[in-house]
Amino acid sequence: MTADYDIELRNVVKEFPTRGSEGALRAVDSISLQIMPGEFFALLGPSGCGKTTTLRMIAGFEEATSGDILLRGKPMQGVPPFHRPVNTVFQDYALFPHMTVLQNVMFGLEMENVSRTEAEKRAKAALELVRLTQFDRRPRQLSGGQQQRVALARALVKRPAVLLLDEPLGALDLKLRKAMQYELMTMQNDLNITFIYVTHDQEEALTMADRIAVMDKGKVLQVGSPEEIYETPATRFVADFIGETNFMEGRLVEKRGDIGMVALKGADCVVEAELGAANPQVGDNVTVAVRPEKITLLRLVDQDDHLHSVPAAEIMAAVERETNKTLVEGVVQFANYIGTDTRYIVRIGGSIDLVVRVQNFGERFDTLFHKGERVNVFWATDTARILVE
Amino acid sequence: MAQVALPDRSTQPTWIAFDQAKIRRDLLIRRFGKVFGIVEPVFGYFFLWAPILLLVIFSFNDSRTVSTWRGFTLQWYSNIFNNIVGTEARFSTDLMLQSLGNSLFVGVSSTLIATIIGTMVALSLARGNYPGKQYIDGLLFLPVVIPEITQALSLAIFFNVLFNWFNSVTGIPAQSGFGTIIIGHVAFNISYVAIVVRARLADMNPRLEEAARDLGANEWQTFRRVTLPLIMPGIISGALLAFTLSLDDFVITLFTAGVGTTTLPVYVYGLLKLSVTPEINAISTLILVASTVLVGISLRLQGRNVAS
């Protein structure tokens, strides 16, 4: 029997009994996911969002309270972890301290009754795959990065259908983490094994995953490619958790196709943004989300601009020609120069502060503004989103 | 952006004053503390070790009287292996060695049983999940804290009742012997073994067992290949502790003993009834050395850390 998905979760619920009082803690609240064969799938969310519990249910360490977990179409209900064709790389590696590196990697093969010579051959091959040759060392004699490689080899040597990774790079320092990210991606690509990768690091998820499921409070809020998650977040939580976002509260005053006009709360200011899938009605309270790097700051035309090669008036004229845009006046409150970018805080409508990120192209394009300067604030409508929750 | 209020410089002192008297007082307190830190353990260890040290010293004293030091001798050690303990007519080296043999037999048997049961109790308490677990956990410490005489009496009464009932049902007269002593020793040793093994289990990373199961080991294989090797130092340490306690036990042994089951401590106590002789000092010193070595090994094994 062939199945469309490597792993499928159908309305999976996990409740933990709470000590003392009756009732239970819902760690995972009715989630459904479909994970494709060969996919690098990330479960992303803050700590306590249920991502690790979800992974542990797939591994078999926890039994779902209700719902189904299917592995290549076969329900996994009641199947103990040692009979599931999935393997886990644990956050703290969980290497057996009383065994050598080679014995650690051979352990899984011995459990399959693979002959000793064959097991040793395969274990050594797996260790070479992760570029480790210290077979006879004990785990405690290895560095964190090396232990991580042993854990990876120990899981991969079993040739699992799906590899589960529970924040495997969490304990490594930044530089090593970056290198391992790249290595994991290459390895996943070469071996063509489905990876389910749990992380709370949004950058890691964006970098590595083919698709991301953003979780919060036991629920899956959005599933999509890194681009979809970043560019078109479904909820305020997703927009806030992934990258930096400006949120503006207001009331929807007009709808024009898939564009909405929002009158900002406490400010004399109307902005434009794309309507999300929630499709709110005119008069509803909504939130407008726009990324700091999507906002452009423009010098006011009446200022002296003879120093610059591209006159402000010319740029303004181009901006004026845009049909779907927000163009309001603002005042620079703060300017933080941070090397590649300058990070501005700009107040619009007299009371709303926006973070604006401007890349430092240099003098030629005139992107430096100073504190207290009045500027035009512009963003294209399709870069801003209207969110309801 | 809100204006940040800067502190008004004019109201702050331009220099910082030190209270010399306060500093002197605090330094004095610190010096007292340092002196006390040296003196206090000397006092403590003196009360703890002086009597034992005296016993050891006088086991090498070349005089029958305990009061004065007359020079070094190994006479008393040689005496106890030559059927002489002062004027004690009942003493014989054979009897002493026989009682030592009894002690070892009781010690080994009770240690084996207590180690197996104690380890199972520890595993159940550390990994099990059942109602009332915390109460069983608390009860575990009971044999450690209740007076030994209470436990000894309760065992004596228990066996008495049991034997009476057995006699009335089967007509066969049952009586105390090695069996009752071993059961008595197992009764208190289970606690010690369980406490030591459970400490070891608590230190163990639960992910290790999960990793084993994840890699295809069933519950028995996981226990055999991962859990047991990792808690083995704890089990051995608990067993050595149990063996030592069993060897040294007097009260419970006396209350559960039968005919011909005299253990070494009971035998030594019998000799003491008449007078303290240098030979008894020598025997006690030998027991002390054996116990210290065993407990030392036990502590060393407990101290070996479980790498996660």
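Chain B and chain A bury about 2,300 Å² between them, and 61% of that sits on carbon and sulfur atoms; buried area here is the accessible area (1.4 Å probe) that two parts lose on being put together, summed over both. This is a predicted model, where local features need pLDDT of at least 70, side-chain atom pairs count only at pLDDT 80 or more, and totals for chains, interfaces and linings use all residues. Residues are numbered from 1 along each chain as its sequence is written, chains are lettered from A and ligands numbered from 1 in the order in which they are written, and side-chain values use heavy atoms, leaving out hydrogens and water.

**Where the chains meet**

- Chain A puts 28 residues into the contact and chain B puts in 22, with contact meaning heavy atoms within 4.5 Å.
- The rule picks out two salt bridges across the interface of chain B and chain A (a side-chain nitrogen of Lys or Arg within 4 Å of a carboxyl oxygen of Asp or Glu).
- Glu210(B) pairs up with Arg56(A) in a salt bridge, with 2.6 Å between the closest N and O atoms.

**A helix pair across the chains**

- Helix α2 (residues 101-111) of chain A packs with helix α9 (residues 219-248) of chain B at an angle of about 155°, their axes 13 Å apart.
- That makes α2(A) roughly antiparallel to α9(B) (angles over 145 degrees count as roughly antiparallel, under 35 as roughly parallel, 65 to 115 as roughly perpendicular and the rest as oblique).
- Phe107(A), Glu110(A) and Met111(A) of α2(A) make the contact with Gln221(B), Arg225(B) and Val226(B) of α9(B).
- By class, that contact of α2(A) with α9(B) has three nonpolar, one polar and two charged residues (Ala, Val, Leu, Ile, Met, Phe, Trp, Tyr, Cys and Pro count as nonpolar, Asp, Glu, Lys and Arg as charged, and the others, Gly among them, as polar).

**Helix packing inside each chain**

- In chain A, helix α4 (residues 144-156) and helix α5 (residues 174-191) pack at about 15° with axes 12 Å apart.
- α4(A) and α5(A) are therefore roughly parallel to each other.
- Gly145(A), Gln148(A), Arg149(A), Leu152(A) and Leu156(A) of α4(A) touch a set from α5(A) that includes Leu176(A), Met180(A) and Glu183(A).
- The residues of the contact of α4(A) with α5(A) split into seven nonpolar, two polar and two charged.
- In chain B, the axes of helix α3 (residues 93-127) and helix α11 (residues 264-272) come within 7 Å and cross at roughly 145°.
- Leu95(B), Met96(B), Ser99(B), Leu100(B) and Ser103(B) from α3(B) meet Leu264(B), Pro265(B) and Tyr267(B) from α11(B).
- The contact of α3(B) with α11(B) counts six nonpolar residues, two polar and no charged.

**A loop residue in chain A**

- Val282(A) sits in the loop between β13 (270-275) and β14 (285-290) of chain A.
- Leaving aside residues up to four places away in sequence, Val282(A) touches Leu252(A), Val253(A), Glu254(A) and Lys255(A).
- Val282(A) and Lys255(A) are 27 residues apart along the chain, with 6.9 Å between their C-alpha atoms.

Notes
Axes are lines fitted to C-alpha atoms, for helices over the stretch in contact, and angles run from 0 to 180 degrees between N-to-C directions. Helices (H or I, at least four residues) and strands (E, at least two) are DSSP runs, numbered from the N terminus.
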